[in-house]
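Please look over the sequence and the model shown below before reading on. The briefing that follows takes up helices, cores and charged pairs in turn.

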Amino acid sequence: MDAREMKIKAAEAALQHVENGMRLGIGTGSTAEEFVRLLAEKVAGGLKVEGVPTSERTARLCVELGVPLKSLDELPELDLTIDGADEVDASLRLIKGGGGALLREKIVACASQRMIVIADETKVVETLGAFPLPIEINAFGQIATRIAVEKVAARLGLSGELELRSSGDGLFMTDGGHLILDASFGRIPDAEALSSQLNSIPGVVEHGLFINIASLAVIAGPSGARTLEAKQ
């Protein structure tokens with residue numbers, strides 16, 4: 001089973017949690033896109049859902065495939081969000097934002113009663129941090145914000161390169177018009193402390209640590225899909 005087949009298996013398993021009439025948050029990324037394709041087939045067969053996309057990219061795919069969409073202002077309370085992750089640990093703490101949609105992803109997930117993560121087994125880790133942590137920052141004062149992030153990291157014993165994400169010949173811009181600072185910490189022993197400290201920096205719009213948000217993960221491997229629930 002190759003990587004795409006595992007993503008499809010995870011998406012298929014997550015689709016079993018979607019019920020008729022649901023208000024659905026729809027994630028961003030390659031695994032989420034497999035979910036959108038499967039969801040579109042169900043919609044074509046008569047399933048009634050209203051989706052809120054977490055990115056312009058996801059919105060375009062949904063429109064193309066015929067998945068009905070609303071804005072989060074039209075549907076401010078959702079039943080379920082299904083989204084991918086760049087890393088997930090045994091407590092269902094996540095790193096997200098590899099695709100640059102972390103702010104909208106977190107807003108949509110937190111507006112939902114439940115969030116289900118879909119991923120292949122390569123995304124499961126013992127400790128978060130091998131994947132660079134995306135930190136969405138305001139363009140104004142970006143150097144001051146970077147210095148503040150470095151100081152927070154140092155206080156928590158973290159080190160590693162901080163790099164502004166690029167795209168083509170320029171800097172990557174999120175759908176919200178912000179920059180992404182990718183932090184290669186390597187290992188984050190205390191994700192809660194880092195989350196709290198980053199939230200205290202005025203220039204940080206949001207960060208890719210999703211803590212106490214996901215309630216279930218569907219993890220696909222060569223032998224099929226399994227579920228992972230948060231350790232209490």
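**Briefing: helices, cores and salt bridges**

Arg37 and Glu34 both belong to helix α2 and stand 3 residues apart, about one turn of the helix; helices (H or I, at least four residues) and strands (E, at least two) are DSSP runs, numbered from the N terminus. This is a predicted model, in which local features need pLDDT of at least 70 and side-chain atom pairs count only at pLDDT 80 or more, while totals for chains, interfaces and linings use all residues. Residues are numbered from 1 along each chain as its sequence is written, and side-chain values use heavy atoms, with hydrogens and water left out.

**Salt bridges**

- The side chains of Arg37 and Glu34 meet in a salt bridge at 3.7 Å, N to O, a salt bridge being a side-chain nitrogen of Lys or Arg within 4 Å of a carboxyl oxygen of Asp or Glu.
- Glu34 counts as buried at 8% relative accessibility, whereas Arg37, at 32%, counts as partly exposed; buried means under 20% relative accessible area, exposed over 50%, and partly exposed in between (1.4 Å probe, protein chains only).
- Arg4, Glu34 and Arg37 are linked in a network of salt bridges, and a search of the whole structure finds 14 salt bridges.
- Asp79 forms a salt bridge with Arg23, with the closest N and O atoms 2.8 Å apart. Because Asp79 lies in strand β3 and Arg23 in strand β1, the pair ties together parts that are 56 residues apart in sequence.

**Nonpolar cores**

- The largest nonpolar core has 27 residues, and those with the most contacts inside it are Val18, Phe35, Leu39, Ile82 and Ile118; such a core is a set of buried Ala, Val, Leu, Ile, Met, Phe, Trp, Tyr and Cys residues joined through side-chain atoms within 4.5 Å.
- The largest share of this core, 6 residues, comes from α2.
- Leaving aside its neighbours within four places in sequence, Phe35 is in contact (heavy atoms within 4.5 Å) with Ala11, Leu15, Val18, Leu24, Ile82 and Ile118.
- A second, separate core of 23 residues includes Leu133, Ile137, Phe185 and Ile201.

**Helix packing**

- In helix α1 (residues 3-15), the buried residues are Met6, Lys7, Ala10, Ala11, Ala14 and Leu15, and they pack against α2, β3, β6 and β14.
- Thr145 has its place in helix α5 (residues 142-155) and counts as buried at 5% relative accessibility.
- Beyond its neighbours within four places in sequence, Thr145 is in contact with Ile137, Ile201, Gly203 and Val204.

Terms used. Expected span 1.5 Å × (residues − 1).
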